[in-house]
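Subject: Structure handover

Hello,

Here is the structure for you to look over. My notes come after it.

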Amino acid sequence: MQSQIEDDGMNRSNNLDRDEDVIALKKNFHSSNFLFFEYLDQITVQISPSELLSVSNFLLKERNFKQLSFLAGVDCLELNLEYRFKVVYSLLDFERSKRIRLEVICENDLMPSLPSVCSVWTGANYHESEAFDLVGIQFEGHPNLERIFTPEGFEGFPHRKDFDVSSETVEFSFRPTPDGKPSAKE
Amino acid sequence: MGLEEKLEGSVVLGRISDAIKWARKNSLWPALFGLACCAIEMMSTSASKYDISRFGAEVFRASPRQADLMIVAGRVSKKMAPVLRQIYDQMPEPKWVISMGACASTGGVFNNYALVQGVDEVVPVDIYVPGCPPRPETLIDGILKLQKKIEAEGLVKNKILS
Amino acid sequence: MSAGLEEEQNYNEDTLGPIGTERMTLNMGPQHPSTHGVLRVSLELEGETVKSCKPVIGYLHTGIEKNMEVKTFNKALPMTDRMDYLAPLSNNLGYVLTVEKLLGIQITRRCSYLRVLLVELTRLNSHLVWLGTHALDLGAMTVFLYCFREREKLLKIFEKVSGVRMMTSYFRVGGVAREPYPEFYSDCEVFLKDFISRVNDYEELLTDNPIFRRRTEGACPITKEKAFALGITGPILRACGVSYDIRKKEPYSCYEEFNFNVPIGKNGDVFDRYSVRISEMRESQKIATQALEGMPEGPLMSDAPKVVPAPKEQLAHDMEALIHHFKIFTEGYDVPAGEVYQVIESPRGELGYFIISDGGTKPYKVKVRAPSFANLHSLSEITSECLIGDVVAAIGSIDIVLGEIDR
């Protein structure tokens, strides 16, 4: 799928090894097992939920990624991976015009839950509520996690893959009867 | 009215119901209910090129208690439907509803979990105006058809069951 | 004033005891006259001072992103128009650039210039609506009528180019839907030549108007640091003094070849946001004029037979083109698996599309990073300790479109 380059110390001449943020992350978190991907000149770092807050604080304070552009909950049910839910964070550094993505795999498939980054970037508030409302991912430490889009009393999480899109099924399908005229048939 | 030229003096004879219907249809004041993209076309209709106040819709009243026409312009989500019904109930009789655009009439391009598939599931609709979004001329045509409808129907409307 | 009031207060305190005050919760919307859409704002007031302001959204939630997952890449394009309905061509551009990046196809230079021209006209369109409605909220109705008059001219051009006034869906993956009509370039030139004098008219009505200045200068400011943390981008951030415009810093679609300035403000208040957007209108007119004058010759659609349908005349004698045409419109084309995030500068800020493809003909996941969704965070921040009248000015100045907030 993506050109997956693991941190196994081999010398590969590409953008990933020369990138300053990747080098800084590897140096500062040398005991952790991060996966670094690069696809179409965009760098993604896959981390585990327990390291999310420390990596976020590091990227904000040491690497100057002052803005969280978005965070999206993804349901990977149909992608045949070992996990079901992941959350993608996109960060922006204004001074270098640099973007980086963090990918956090949720450990529990039935009740996915992650620590909230509202303490790091205050703008994560609505984005996390959206991920909760639409995909069903809980964020611990969020000031007021509630449904923002769907109406009160809505059951289910619409953007999960097992939630059907349509509100009405199409009722008729016309097939010609033996005498050649169309008829409505369920 | 041209009748004055045909009669001597300044007396006009007619039925009172015709006079009331004439007053009602020529001064339909819409309540502001612009929801989405159709609202922008509704604003264009009220701007200077396709001036809607030529047809009597002089002011868009923000308060539903002072309006008699509700133009539902835009897609109605399931969260908004109770609000729509509440605004409709706050309008005094006689009142009419124009459903503007494909999303308000039938759900439009969006056949999914979040939208009410046609606003007539929530309020009784008099005129459906098609389009995505409808041109201002289409909306004006809808209002003119509503005026003809008002002229044709009775004074006390059969809306007991709505 | 002071003597009479003191007497009254003394009277009340002596005879009735101290007056307690309590906070009142006032609900604004979702149906209210500042026609910014179905936004509900829950205000807590002490007297006329706003103590807390909580926006409630979700009244226009349409599930567009979920709906796009069940359609092929081409069929999902018209759904993007309906998100930010004031600048539909911007949304189209963001989507189309993301899919083209996933596919890895190159766009011709003429197509890029045409896209830039139309997107800048759309930016003018969006800013005109903002100016008209913002001024209408603050009491200036003439500006509303003037702005919509200019807008009608623009909508006429869009209608002749794409067939629809607003929801154009004119851009396609690999190019545009069709060649623009022959008089398109002269129509644009006539419009753009007149436009600067119109902007001068609007400025004459508003910029030095003492009522407008009193209502907007110093009202609802926000600092740079808070804006960064809240995720705010676009004219609001530029009004705080940060010169970040994606067209300059992360250019796309040949923007690096155009010569324009990025206007910034100083204090980050309502008046600065107004000045930044007015200056942006002038800069957009400059960019559009440069795109028009420098329009290169050459092919319009890119060379990717499996993605770009061949012209109709070719289908009569080329079997392969016919097969590709059939496949594109029935099954769709396969997009290589991967995930990508592409940003553009929409009139409201950073509009981003995050698309995950699993190798099939339909997108696996589409996430739209809507600028107004993040900009709305600023509302509770900037309206603390201000008066009720300032809330209306604040909502107008942050320029939100509920279609893209609620998607």
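Below are the notes on the B–C contact, the salt bridges and one hairpin.

First, the conventions. This is a predicted model, where local features need pLDDT of at least 70, side-chain atom pairs count only at pLDDT 80 or more, and totals for chains, interfaces and linings use all residues. Residues are numbered from 1 along each chain as its sequence is written, chains are lettered from A and ligands numbered from 1 in the order in which they are written, and side-chain values use heavy atoms, with hydrogens and water left out.

**Chain B against chain C**

The contact (heavy atoms within 4.5 Å) draws on 32 residues of chain B and 34 residues of chain C. About 3,000 Å² is buried between the two chains, and carbon and sulfur atoms give 63% of that. Buried area here is the accessible area (1.4 Å probe) that two parts lose on being put together, summed over both. On the chain B side, B:Ile40, B:Met43 and B:Arg75 supply 19% of the area that chain B buries against chain C, more than any other three residues.

Two salt bridges link chain B and chain C. The term means a side-chain nitrogen of Lys or Arg within 4 Å of a carboxyl oxygen of Asp or Glu. B:Glu41 and C:Arg165 form a salt bridge, at 3.0 Å from N to O.

There are also 10 residue pairs in polar contact between chain B and chain C, both residues at pLDDT 80 or more. A polar contact is a pair of N or O atoms within 3.5 Å; within protein, one must be able to donate a hydrogen and the other to accept it, and residues adjacent in sequence count only if both atoms are side-chain atoms.

Helix 3 (37-46) and helix 4 (81-90) of chain B each supply at least two residues of the side that touches chain C. Helix 3 of chain B gives the most, with five residues. Helices (H or I, at least four residues) and strands (E, at least two) are DSSP runs, numbered from the N terminus. By type, the chain B side divides into 22 nonpolar, five polar and five charged residues. Nonpolar covers Ala, Val, Leu, Ile, Met, Phe, Trp, Tyr, Cys and Pro; charged covers Asp, Glu, Lys and Arg; the others, Gly among them, are polar.

**Salt bridges within chains**

Over all chains, the structure holds 54 salt bridges. In chain A, A:Arg63 pairs with A:Glu20, with the closest N and O atoms 3.9 Å apart. A:Arg63 sits in the loop between helix 3 (52-61) and strand 4 (67-75) of chain A, and A:Glu20 in helix 2 (residues 20-28), so the pair ties together parts that are 43 residues apart in sequence. A:Arg63 is buried at 19% relative accessibility, while A:Glu20 is partly exposed at 48%. The cut-offs are under 20% relative accessible area for buried, over 50% for exposed, and partly exposed in between (1.4 Å probe, protein chains only).

In chain B, B:Lys149 and B:Asp126 form a salt bridge at 2.8 Å, N to O. B:Lys149 lies in helix 6 (residues 136-152) of chain B and B:Asp126 in the loop between helix 5 (102-106) and strand 4 (127-129), so this pair ties together parts 23 residues apart in sequence. B:Lys149 is partly exposed at 30%; B:Asp126 is buried at 16%.

In chain C, C:Arg213 and C:Asp208 form a salt bridge, their closest N and O atoms being 3.6 Å apart. C:Arg213 is partly exposed at 24%, and C:Asp208 is exposed at 63%.

**A hairpin in chain C**

Strand 2 (residues 40-46) and strand 3 (residues 49-56) of chain C run antiparallel, joined by seven bridges. Strands pair if DSSP finds at least two bridges between them. C:Glu46 stands opposite C:Thr49 in strand 3. The hairpin has two residues between the strands, and C:Gly47 takes a positive phi near 70 degrees.

Best wishes
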